[in-house]
Amino acid sequence: MKRAITLGVSLFSFSQAALADEVTDVLNTYADIAEAGYADSLATAETLQGAIAALIDAPSAEALTTARGAWLAARVPYQQTEVFRFGNVIVDEWEGRVNAWPLDEGLIDYVDGSYGGPSDENEFAVLNVVANPNFTLSGEAIDASVITPDLLQNTLHEADGVEANVATGYHAIEFLLWGQDLNGHGTGAGNRPYTDFVQGEGCTGGNCDRRAQYLQAGVELLISDLDWMTAQWAEGGAARTAVLQDETAGLSAILTGMGSLSYGETAGERMRLGLMLNDPEEEHSCFSDNTHNDHYYDGLGVQNVYTGEYMRVDGTLVSGPSISDLVAAEDAGIDADLRLALSDAMRALGRIKYAAEAGFAYDQMIERGNAGGEALVMGGVNGLIEQTRHIERAVAVLGLDALDIEGSDSLDNPGAVFQ
Amino acid sequence: MRHVLAIAFLILPLPVLAGPVDDVLDHHILPRLERLASETALLSTVAEQHCDGPSALLQAAFNRSVDAWIGGSHLRFGPSEEENRAFALAFWPDSRGLTPRSLTVLLTQEDPIGLDPVAYREMSIAARGFYALEFLIFDPDISTSGSEAYRCVLIQTVAADIAYTSMEIYDDWVSRYADLMRNAGENDRYQSEDEAVRALLGALSTGLEFTADMRLGRPLGTFDRPQPQRAEMRRSERSLANVRESIAALGELAVLLAGENDPLSANLSIAFARAISRADIIDDPDFSGVAMPGQRVRIEALQRQVRDLRELVNTQLAPELGVAAGFNSLDGD
């Protein structure tokens, strides 16, 4: 029972210069992948901003399709950065601004009558800011006559302390581009007409000027958030510095992010729960029907950081020494098993993606009684759970599992917990 | 197995103590899940005779079953994770109000799936398990919605489904999973005893986190914006009882894990007992008091106490066991 601790000591007390260098290199690769991933997310979001400007400038079906395509493209690098959550405080504190989900979209714009009204959980589920320039929020009169990034970020987002009040980020933009998916488990995604953005005569859905304002403010905010996060991972940035300053904590952040994203977040909250609820809205990108890609690129992000390789959106490869090398040096078997588990999970997530791209949408897969869909989704879930088990073994073999204990107030003052 | 340990004892410089896994299985997991299976079987039988919401017998059987569930709800790995069984028993928190919504649809449309416990296993988890049954029995709207005949059968269906799932969990533990943990090191699921201990420690730590953050944290909300309507099972006035029941069960697990370490066992016993007595002085079964300053401070104090228990587990029990809790289902957001 003292074994794990002994191993931990073996890795870090052996810390000759060579090993320390190697760990630093691993942490730098990790930070390089983060920096490149957020920079790619930023660049693709700027393309999205251009497409949105064109849509608002001259609304047409083609312009809306182009903007939707740009949103889908922007998700590819971003989802691969989700693996930097759960281990890095800077990312965790920021993430809710850009990728919060699920959302009560009635906060933002018009919704279908079947959506329901204010609920036990959320009084503002149908606030509809696009249609209402003035309203009261927690007793305070709000002037929303101009929809600005500041209004979205500081007043509306998580209004009334309700997490489902998502006013910013990818999914708010997704809703404005696609609208509600009213097809239930049937074929098709959201189908907002481009005329929702026509200014003046021909405007559908009402308040087209305010809808356009909202969309532009939303993408502007997304860009400033991504720009900020990219800088945190650059040389001298706070996120990179935090990872590099404590080797044990840095390595632990890598594996914690991998395990938490695989298990609690993707396999649990996003995939299994949606399947078990058979609710077509219980999918990560429910307006655009892009959920298969969300899961796939989340999985790829986990594989990226373990193997120390990320392919940028322009085709260049960021690579370097990885945590896989450190695990292999301790126990080649554990490393091989983990690599295999990551590949198996990617194959299972790939099957969901291929089926979806061939026309079997994710919201159809999770329909009650759809055995083929259930098998596909559970294949992904099981792959992610299995890889988590191997990630736990990697944590143990690197002796990182005693980490929680270090630097804890209670350890310094054990009596405190009895008071 | 014992021989191997004995030999290892001679060779290794470190003392190897008999692990706590057998004790936890024999005195915690198996008896608690057996109780869950038998209480829910009884619940299903009672529902066959008394399917109207106000029935005192049905409500009593519901309460005993939920006590049994809460006392084993932290064992969310292995048999209860596989086949999504724990999800089928307990979908909560329900932040989008899916449980009342799906039940209303069933009741108003009289969907035939509600008449058949086997078919019902395909139903959305929002309409299955203890939380759905609570709405059917206790919620003023749902318990009077639709026709009495359909509602009666739906209650029987949900109760039968709960009993079946609970039996599956217990059977799977007895026939398969307990041996995987006992024989850790000889199978691929648990490649060493440490891995089995890590799973148990994880269940303990996650259970405490769930009670602090969800059962207590959700109704507490913030001081300016308490959220009493989010209290777990407030309709059956079980919010406080569930917290108390979970602390008691988790305390039992903690002490068994500490095993032969007497001072640590004693510390853990005292700390858990204190939390339970703190729960006992709260006179607010549905936590509606979170909105009243006098009651609120007591509920906040209980939440702090549960968080301290988790800290105690992570900082004293975990190092003693030589492992840290693995990844848990609350790691996401």
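In which loop of chain A does Asp160(A) lie? Asp160(A) is found in the loop between helix H5 (149-156) and helix H6 (170-178) of chain A, where helices (H or I, at least four residues) and strands (E, at least two) are DSSP runs numbered from the N terminus. This is a predicted model, in which local features need pLDDT of at least 70 and side-chain atom pairs count only at pLDDT 80 or more, while totals for chains, interfaces and linings use all residues. Residues are numbered from 1 along each chain as its sequence is written, and chains are lettered from A and ligands numbered from 1 in the order in which they are written.

**Positive phi**
- Asp160(A), which is not a glycine, has a positive phi near 60 degrees.
- Asp160(A) counts as partly exposed because it has 14 C-beta neighbours inside 10 Å, a residue being buried with 20 or more other C-beta atoms within 10 Å of its own, exposed with 12 or fewer and partly exposed in between, with C-beta atoms placed from the backbone.
- In chain B, Glu110(B) has a positive phi of about 50 degrees and lies in the loop between H5 and helix H6 (129-138).
- Glu110(B) has 15 C-beta neighbours inside 10 Å and therefore counts as partly exposed.

**Hairpin of chain A**
- Strands E1 (residues 134-137) and E2 (residues 140-143) of chain A run antiparallel and are joined by four bridges, pairing of two strands requiring at least two bridges found by DSSP.
- Asn134(A) stands opposite Asp143(A) in E2(A), and Ser138(A), in this hairpin with two residues between the strands, takes a positive phi near 50 degrees.

**Cis peptide bonds**
- Trp101(A) and Pro102(A) are joined by a cis peptide bond with omega about -5 degrees, and Pro102(A) lies in the loop between helix H4 (89-99) and E1 of chain A.
- Trp92(B) and Pro93(B) are joined by a cis peptide bond with omega about 0 degrees, and Pro93(B) lies in the loop between helix H4 (85-89) and helix H5 (98-109) of chain B.
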